[in-house]
Amino acid sequence: MPVRLAIDGGTPVRGTMLPYARHVIDDDDVAAVVDVLRGDWLTTGPGVAAYEEAFAEAVGAKHAVAVSSGTAALHAATAASGLTWLDEVIVPPLSFVATANCIYYQGAKPVFADVDSGTCNLDPAAIEAQLTGRSRAILVVHFAGQPADMDAIRAVAQKHGLSIYEDAAHALGAKYKGQPVGALSPLTAFSTHPVKHIATGEGGMVTTDDDMLARKLLAFRNHGILRDSHAREREGDWHYDAATLGYNYRMPDVLCALGMSQLEKMPRWLARRQTIAARYTQAFENLPEIEPLVQAVGCESAWHLYIIRLRLDALRRDRGEMFTALRAEGIGVNVHYLPIYHHSHYQTFGYAKGLCPVAEAQYERMLTLPLWPGMGDDDVEDVITAVHKVVEASRA
Ligand SMILES: *Cc1c(COP(=O)(O)O)cnc(C)c1O
């Protein structure tokens, strides 16, 4: 008797939906937040600098500047790098839309370069064909948490006088050739949205080794003003000066306390993500219809996402149908990402479909499996059981 899939009226592998990502909040996280709520500062107090210092140390950078979201971190990095009107920035299309939006925030233009079919990271060999006289920078994304091929990207950047900065929203804890992501280029942006490695509700961080860039970031998040109101009060001075154009991208002390508390657990959570990822990879070795992302030599992924690619020629269901079938089994699969230029907003700018054929082909066959540190071993086995069940019942 062949097994009946849940979409065909069979019994689902799970009775409850297992999400693809979820934060983990312990009692000590709650206590850390409550402490701040009872204190004198809800925002821009001593908790901000303490969190920034701990974060900088965790990623091996000299400075970390906390901001209100990962998107604000990208905006701040884009502004601090001096990016301006009509500049062009090379960016991979397989990412969250904020990666490219932040380039438009500065009046500059994202130019999409294709990805490598194995890792789905920016393909260094695809960059040169996209360069013009206006090219200024490369915005690297560490897709799913695996560091991009930084040496090759640096070589292209150096040859053409481009700067590099990084969207490391997926890559807190990742290492490239032994070096943590966060100090590989002049500016690196992180997110602490609850689906990422540590959760602060909303939150972001920019790291840099450069003192001047750090000052620019501090001003950018606070209306272009470098001295905060508490310092003015202490010094008995009312005067402040907005020297540049800035925003209110400040991160409140309440959330920095949560970030600080979460950061302490990062090494343990990273190890748990690695364990789950290794179990998946081993469990799918005997399923030829499934290809996990290739893990490059010298790259230690932070395993933000576990992505599988379906061999569509070997299956009689397409990705959409496989998605629905796995959801029916109680597995909260997801898809990362629709190529950025397929979004309606980008289509109005005239980016043609077919621009990055590798990214588009990979997108059509991708599924993201649940992966977060609070998953139990039973949850992991449910995912494996459901993937085997659905794939085996869908063979062409
Ligand atoms: C989550 C994410 C962002 C945006 O971060 P927010 O904190 O949600 O603003 C940017 N880029 C990538 C690749 C992301 O995954």
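Reader: Is Pro110 buried or exposed?

Author: Buried means under 20% relative accessible area, exposed over 50%, and partly exposed in between (1.4 Å probe, protein chains only). Pro110 has a relative accessible area of 0%, so Pro110 counts as buried. This is a predicted model, where local features need pLDDT of at least 70 and side-chain atom pairs count only at pLDDT 80 or more, while totals for chains, interfaces and linings use all residues. Residues are numbered from 1 along each chain as its sequence is written, and side-chain values use heavy atoms, with hydrogens and water left out.

Reader: Where is Pro110 found?

Author: Helices (H or I, at least four residues) and strands (E, at least two) are DSSP runs, numbered from the N terminus. Pro110 belongs to strand β3, residues 109-112.

Reader: Which residues are in contact with Pro110, leaving aside neighbours within four places in sequence?

Author: Contact means heavy atoms within 4.5 Å. On that basis Pro110 meets Val89, Val91, Ala100, Ile103, Tyr104, Tyr346 and Tyr351. Glu88 is 22 residues from Pro110 in sequence, yet their C-alpha atoms are 5.8 Å apart.

Reader: Now the core. Which residues of the largest nonpolar core touch the most other members?

Author: In soluble globular proteins, nonpolar side chains tend to be buried together. A nonpolar core is a set of buried Ala, Val, Leu, Ile, Met, Phe, Trp, Tyr and Cys residues joined through side-chain atoms within 4.5 Å. The largest one has 48 residues, and Leu94, Ile103, Phe112, Leu139, Phe143, Tyr165 and Leu187 touch the most other members. Several elements each supply at least two residues, among them β1 (63-67), β2 (88-91), α4 (98-105) and α12 (357-364). The largest share, 7 residues, comes from α3. A second, separate core has 42 residues, including Ala56, Leu122, Leu162 and Ala168.

Reader: What does Leu94 touch, beyond four places in sequence?

Author: Leu94 touches Val115, Cys120, Phe143, Tyr337, Pro339, Ala359, Tyr363 and Met366. Look at Tyr337 in that list. Tyr337 sits in the loop between α10 and α11 (344-347). A cis peptide bond joins His336 to Tyr337, with omega about 0°.

Reader: On to the ligand. Which residues come nearest to it?

Author: A residue is near a molecule if one of its heavy atoms lies within 4 Å of it. There are 14 residues around the ligand, and Gly70, Thr71, Asp167, Ser191 and Lys196 come nearest. Helix α3 gives the most to this shell, with 3 residues. By class, the shell holds 4 nonpolar, 8 polar and 2 charged residues. Here Ala, Val, Leu, Ile, Met, Phe, Trp, Tyr, Cys and Pro count as nonpolar, Asp, Glu, Lys and Arg as charged, and the others, Gly among them, as polar.

Reader: Which side-chain atom lies 2.6 Å from an oxygen atom of the ligand?

Author: A polar contact is a pair of N or O atoms within 3.5 Å; within protein, one must be able to donate a hydrogen and the other to accept it, and residues adjacent in sequence count only if both atoms are side-chain atoms. The 2.6 Å case is a polar side-chain atom of Thr71. A polar backbone atom of Gly70 is 2.7 Å from a ligand oxygen. An N or O atom in the side chain of His170 is 2.9 Å from a ligand oxygen. Taken alone the ligand exposes 380 Å², and the protein buries 92% of that. These areas come from the Shrake-Rupley method with a 1.4 Å probe.

Reader: Where does Ser69 lie?

Author: Ser69 is in the loop between β1 and α3. Ser69 is buried, because its relative accessible area is 18%. A polar atom of its side chain lies 3.3 Å from the backbone nitrogen of Thr71. Beyond four places in sequence, Ser69 touches Glu202, Gly203 and Gly204.

Reader: What does the side chain of Arg317 make a polar contact with?

Author: The side chain of Ser394, at 2.7 Å. A polar atom of the Arg317 side chain also lies 3.4 Å from the backbone oxygen of Ala393. Arg317 sits in the loop between β12 (306-310) and α10 (319-328). At 13% relative accessible area, Arg317 is buried.

Reader: Which phi does Lys177 have?

Author: A positive one, about 45°, although Lys177 is not a glycine. Lys177 is in the loop between β6 (175-176) and β7 (179-180). Its relative accessibility is 54%, so Lys177 counts as exposed. Trp303 also has a positive phi, near 50°. Trp303 is buried, at 14%.
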